[in-house]
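Grab your viewer and let's work through a couple of exercises on strands and their neighbours. Try each task before you read the solution.

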Amino acid sequence: MAKKNLLSEKEYQRYIIDYLVKHNKYVERKNADFDRLFAMDKELLFKFLDTTQPDTMKALRKVYKQDAEEIIVQVINNGCTSEKGSLIKVLKEGVDVGNGSYHLDLMYTKPATTFNKDLTRKYEQNIFSVAEEIWANDEERIDLVIFLNGLAIMSFELKCNEAGQTYEDAITQYRTERSPKSRLFLFKAGTLVNFAMDLNEVHMCTKLDEEKTYFLPFNMGNGEGVDAGKGNPLRTDEYPVCYMWQDVLTKDSILELIEKFIFIEKKEKRDMNGKPIRGAKPKESLIFPRYHQRAAIQSLLSDVKKNGSSQNYLIQHSAGSGKTKTIAWLAHRLSSQHNDKNKQIFDQIIIITDRIVVDSQLQRAVLAIDHQSGLIRVMDDKCSSTDLANAIDSNTKIVATTIQKFPFAMEKVKNNKKKTFAVIIDEAHSSTAGKDMAAVTMTLSCPNVDEDATMEDAIVDEISRHGKQPNISIFAFTATPKPTTLELFGTLNKQGKKEAFHVYSMKQAIEEEFILDVLQNYTTYNTYYTLNKEIAEDPKCKTNDAKRQIARYVELNETNVAQRTEIIVEHFRQHVMSELGGQAKAMVLTRYKENALTYYKAFKAYIENKKYSDLNTLVAFSGKVKLDGDEKIYTEVSENGFAEELLPDKFNTDEYQILIVANKYQTGFDQDKLCAMYILKSLTGVNAVQALSRLNRICPPYKKKTFVLDFVNSYEDMKKAFARYYTTTILSNSITPSSITDIEAKLDGYYIFAPLDIETGAKLMMKSSITSAEEKQMNFMLGKAEKELKKRSIEEQKEIMTTMRHFVRFYEFLLQATCYEDIELHKKYLFVSAFIDYVDISRSGYGYDLKGKVKAINFVQKKDKEHKDEKLNSNPIVKLPTADDFGLTEDKEKKLSEIIDEINSKSGKAYDNDIVVKSMLQIRDLMLKSEKLKTAAKNNTEDDFSFAFFDNIDDALIEGLDQNQDFFSLLLNNDEMKRQVLGIFAGEIYRSLRQSR
């Protein structure tokens, strides 16, 4: 189809529908064909079932007669909406009707080979359909919905740029005008993915959560290689997003996504110290691949299909690319990849990584994609080389092992000429470096390894010594390939130079906000010293005396460890420590292990001398070390007091804040609480990029800010190091203290904010928590400012928002890098930051959550007054709560209402919230009178009490059945819903009964 000049949303809808019908062989349906209670097109569902499984359908109609179709719909709906169920599960596995007597498949995937003609025919009988203007409920009409065999799988909100709207307006629509409780959008049970799309960009989400809905870009990237940024390339013949209807929405693509990509990820909920929370439900996420992940897998599979095991591949994917999932998808696909002659290409897939945690993540991801028994085996530290040899000789399709066993694995596969292997190497990390690095390099006969050598160097050396083996293809993943890595694994381009086979650039990852730009707040000590000297001596700068006294900035003596120790510790305490709700951490980079130990001892002595009880350090270096004039032999373990492998978990707790390292943890160490880095060693090239990149992980829900203070290197060193991966401007190279006052004056000149609103809003933002009324007040003030902004022209609005972002950006740098302090300016900063997030509700990412923002800011209140030895008045009479006093709080009532909405969505009912809430309170009162529960409360912990509580629910429901027979009957027949609804009261009932006499 030729490119049309689309002027409206309706024209855009029609353009896509016409393409899907003409080229992708979709069936166009009317919105009247959609059953909103079950999010399906029943007519097409039964057309598919009758066509592909006529015998089973005939048997079901014979048994269930005129109720057959209604029963099948209910079974499918229950499979989608039950706690352990989901739409993706019923699509992949089908459903069983009549206690398992009859099985129905709900889709047929493309067979791996062409041998089975019946499966191929059924695959071709899948029915893809599209309908516009679908009503999810009485108030919500969706632009486009895609169906597979009658089941709604994708939704689209379309915007036409020519009509003055963009994908951002579509995101706003999903966040503010689409109910997550509608059956169409019910998490796991409704659509698999929802797209916000204009003519230029596409963004997606898999779970609607009102204003907090998390959107991801689904764009190709604009540009070539490491210069590729966000967005899509412009085209003369088609729209930039044409890949959606020309590729993503083709039948084979959708079936591939459902069968091979989409899965439900479960993560344990953990406390602040990283420990699993007992009894907490795992957090579930529906995983849909990002564009670059899907493109990388497809490109690799296509090349492998053509070239078999003859090639090696380098995949240069930046941090933030979702590499663990990409590796899981690749391993799974390679394990069943066939060539054009229907012959399997690889007999076994071996994944090499140095992180057992990642290995277990890989295992869970692979099994979530495909539950096939014996598909993957993880060889952890307890497994010997013999165990690995047995695994390689076995029929296990995927074997994951550690980097320490890499030499043995390579020797084993090299000598096994009867099998073909795909070896996937995860980026060489150093979280287990040190003794393991030394072991590997010794095994690989690399006695002259450089101090800065990494696992990557050792791997390259090993493979280059053996040469390319015809039965082995290596797939190497790295964010920052060294020249030797490119030479060994790279693909020849048209200019005859080696390059990565597939690239997801650091630039694109930063622009798409998956990682942070670590050079945003990079500064050298010379600049740091000059800035602070200027501020401390300028009478116009409002800096308090205490800060001036602490910040005794000096011309640095290179050998003065004490000076640097004081500067680092005090900077961390003043500017970094309160970030991320008080969880922020820092890393100090030293050249040699002697340096690391010297600084570690200096830090401990300084902290002890200052009596800082809230600050603790760890040290990381390999081997043993002696200090001049000290005969004692030191090790990392002797200083930290625990095993080397425990350090990452220990550092993740609230007990430790600073990690001092020498050639460890500078690559591959993923600690998202790391906010600051203090550099005391020379860094060049890829080592500089890898080291500073330890800071680039985002840390939701916090808006993380990073800071680098470099005592050794220059701005030019850093710019040169990063140039191969990302071109950036280093802000602190040119900023001056007067910059912020110039920007503030410009901002004030726009008259967007009322001074009283800034004062009131900042006070709210500085509270530890806010009430619903205060949240409404804050939103009113922000909304008032937004109305003022929108009175201006589009161009002026852009200029104002740019100025606001510059203001926040510059102020944050000064706040972190200097002793600058201005209370009024800080209030303005808080309010402007909140306003930017408020206006940015239309952007990708986590959306707007004021309460989350207040929590994330965690503004540390100054100590107001100390109370010592104050007299207390005696009041010995304490009134215990009775059942009559025991009301339903606003939060509990809201939670119960949400559960009832969810039950209505799942069951197709329409229970009235108020009536159900009153009925539940009556059930609660019946349970408060239960003698069994009184005894259980007095003799058990709250956790153990829950067993008795749920055992007695049925008695109370039966006793109160006449209060609300329909709803209580539903609960009696559904344990999951029963626990959801009445579980709300368990804690309060326990506490009330325990206190009663």
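Buried means under 20% relative accessible area, exposed means over 50%, and partly exposed is in between (1.4 Å probe, protein chains only). Strands (E, at least two residues) and helices (H or I, at least four) are DSSP runs, numbered from the N terminus. This is a predicted model, where local features need pLDDT of at least 70, side-chain atom pairs count only at pLDDT 80 or more, and totals for chains, interfaces and linings use all residues. Residues are numbered from 1 along each chain as its sequence is written, and side-chain values use heavy atoms, with hydrogens and water left out.

**Exercise 1.** Work out how covered strand 15 is, and which strands pair with it.

*Solution.*
1. Check burial: five of the five residues in strand 15 (residues 398-402) are buried.
2. Sort the directions: Ile398, Ala400 and Thr402 point one way, Val399 and Thr401 the other.
3. Look for partners (pairing takes at least two DSSP bridges between two strands). Strand 13 (residues 348-353) runs parallel to strand 15, with five bridges, and Ile352 has Thr401 as its bridge partner.
4. Strand 14 (residues 376-378) is also parallel to strand 15, over three bridges; here Ile376 sits opposite Ile398.

**Exercise 2.** Find the strand order of the six-stranded open sheet, then its edges.

*Solution.*
1. The order reads 21-28-27-22-26-23, with parallel pairing.
2. Strand 21 (522-524) and strand 23 (617-620) each have a single partner strand, so one side of each lacks a neighbour in the sheet.
3. Zoom in on strand 22 (residues 585-590): six bridges tie it to strand 27 (residues 674-680), and Thr590 faces Leu680.
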